[in-house]
Amino acid sequence: MEWEKDKQHHPEKSHSFSPRDTAGQDNNDHHHHPSDPNPNLQPEQDPDHTNDTTNAANSESPKEADSKPDNTESEEKEDDKEEGIGETTEEESHPPPDFDQVCQEIDQFISTLSTAKGCESDPPELPEAMEHFPFLVEAKIANYDSTESLMKWNQLSEEDSSLFLVTVDRLSKLITSLTSFSSESSYASSINRIGGILQRAMSYLEDEFRSLLEDPKIPDFDKIDESKAKQASSSSNSNQEADNSVPEEPKSTEDDSFPGYSDEVMSDLSRLAKAMITGGYEAECYQVYIVTRRTVLEETLHKLGFEKFSIDDIQKMQWEPLEREIVSWNKTFKQFVAVVFKGERKLSAAVFGDDGEGEGGDGDSVFSSVTRGIMIQLLNFAAAVGMTKRSSEKLFKFLDIYENLRDVILAMDDLFVEGTVNELKSEASLIRTRLGESMVSIFCELENSIKTDTGKTPVAGGAVHPLTRYTMNYLRYACEYKDTLEQIFREHQQIERADSATGSDYDYTNSQGSNSSSSCQNQVNQTSVKQSPFTVQINKVMDLLDMNIGAKSKLYRDPLLSSIFMMNNDRYILQKVKGSPEFTELMGDTWSRKRSSDIRNCHKKYRESWGRLLHCLSHEGLTVQGKVVKPVLKERFKSFNAMFDEIHKTQSTWVVSDEQLQSELRVSIVSVVIPAYRAFMARFSQNFTPGRQTEKYIKYQAEDIETYIDELFDGNAGGAAWKKKP
């Protein structure tokens, strides 16, 4: 937009006004009026001035010139006039020139000048009203901009403010008409005089325009969010019978709360802007508006908690403080797009008369000048974050920024005008693409972190490995952004295909083999349906995790504890997948069934390990010719007691944190051991003499064994001490 219009014929403008040398100026203004007896006289000082001048002009003719009195008589009359001037002033009281009448004559003169310009005829002579108009107008302006009693625009009545603007408009039209004949020497003084007065009026309007702009009420954005939430809640209940008061509550949302000016102020801003632009002071008007509104937007940024940082500052910032700044950025960015920029565009359209939909209008151009720098500042923060060192914990904040940028790019056409919108969309798209590539790299970092986790110390009690917990929680959280990550990996694949000129749909491979459940599932899926790039990436990470956990299970010397470890980790993985609909969709039902089968196989293997204990309860070899061999019976009970004590002592320190799996294991043990023990006791316990012998060999009742089995997998290092607890 061109703010600087051609004002080469206008007098030079200044931003301040000092008291004028009216005497000197008036002499200059009236040098082409030889009949003026006193060029320095103010309108209120000589009420006869108008009549004298008019009479002299009307009586000018050759005949009357011959009858003029001689010099002596003229001098005597002049002496008499000087002697009686005081008496005349006191005795006669003529009204000053009527302002409305003078204005009408000026309007007629402006019309005459326009006609003369259109006909290319000689310019008309300056009317007598041109002598009074500058004095009268400047006197009225002095009532507004006097340093002793400055009148603020919002303190003026509607009548006074309208009269002032009408006067300024008349000055603007007059100076424009006069400058059309600037080559006329007789107009030079009037052009300078009127131009100076117009400049003084515009200086006052500029100050008041700035003053009104500087006093908005920045809204409470938290309340705006609450209002939106209430509105959404109200709309969800729209099928219910409506009460008149219900829809009234959410009316005042962002439309009314930003930019924070009342309807009266908005009207005043529009009127002042129109007056300044019409008067040729559009550059000053735009500059005041742009600078002031930028300052307001900067204050709004600060109020929302967003601070301006350089790229170097962000690069050097630790993650925790940077994470907080990203949260502030997301909040600020959303509010500016949803509320601030929309309100700002409505404001510029209201002030500069643009409907907000046209292209190239003054309102749109000014809006772009105000908001472009703010938008670039917000985008620069996102770009700087994307350039920081990549690490897995940054993924989700990167995703938040990415989604914000994606949504804003779609809305930019409705927010910004052509030219500006293309630049901003290009910048935002570039930043979004860089963030996407960073997130693909973060997944590569996740893969590497799994591969390099080669610790040789097994987890105590066969519990879920920290690597499993971290990876599965990470993937589950990532799956909440499934659609966004699908888009990121799809775009990344397109970039890779363009760079490598490959024609394959997906260039991901699973090089981990086919032993793991994820690898098996990949093979099944790849034969039936083409996987998306993000699904392939998730399966790749799952394969790596399975391989790593399988290797760690071999660190346990006890095969049973190794089975418990695998059950724990597989169960944890399965539960995390099932707990997320997005994750379940990615992995598929076949994968879930295969994982459940793996857990059942480990469970079966563990349950079969109790066969050694059950062998002690075998009836074989306890009777000879129908009689019980007591030494053998005693040895069987002793072996059972010792073995059960050892199992309880050992396996009560093992950990099964999943309550369902823990219960399933205990129930399966009870179902195998307790029936066999009850039967053995019923068949052989009476062979011991009641008393000390019975207590020595029959250490446990069936109920005791069941109680101790319920203490397994609690991770209790105290072992049998648990039975002493109340």
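Glu138, Arg193 and Arg200 are tied together in a network of salt bridges. A salt bridge here means a side-chain nitrogen of Lys or Arg within 4 Å of a carboxyl oxygen of Asp or Glu, and by this rule the count comes to 26.

Before going on, a word on the model. It is a predicted one, where local features need pLDDT of at least 70 and side-chain atom pairs count only at pLDDT 80 or more, while totals for chains, interfaces and linings use all residues. Residues are numbered from 1 along each chain as its sequence is written, and side-chain values use heavy atoms, with hydrogens and water left out.

Here are three of the bridges:

| Pair | N to O distance |
|---|---|
| Glu138 and Arg193 | 3.0 Å |
| Lys173 and Asp169 | 3.2 Å |
| Arg432 and Glu491 | 3.3 Å |

Let's start with the pair from the network. Glu138 and Arg193 meet in a salt bridge. This pair links distant parts of the chain: Glu138 sits in helix α6 (residues 129–145) and Arg193 in helix α8 (residues 185–213), 55 residues apart. Helices (H or I, at least four residues) are DSSP runs, numbered from the N terminus. Both Glu138 and Arg193 are buried, that is, under 20% relative accessible area; exposed is over 50%, and partly exposed lies in between (1.4 Å probe, protein chains only).

Lys173 and Asp169 are both in helix α7 (residues 158–179), four residues apart, about one turn of the helix. Lys173 counts as partly exposed because its relative accessible area is 45%, and Asp169 is partly exposed at 28%.

Note on methods. Helices (H or I, at least four residues) and strands (E, at least two) are DSSP runs, numbered from the N terminus.
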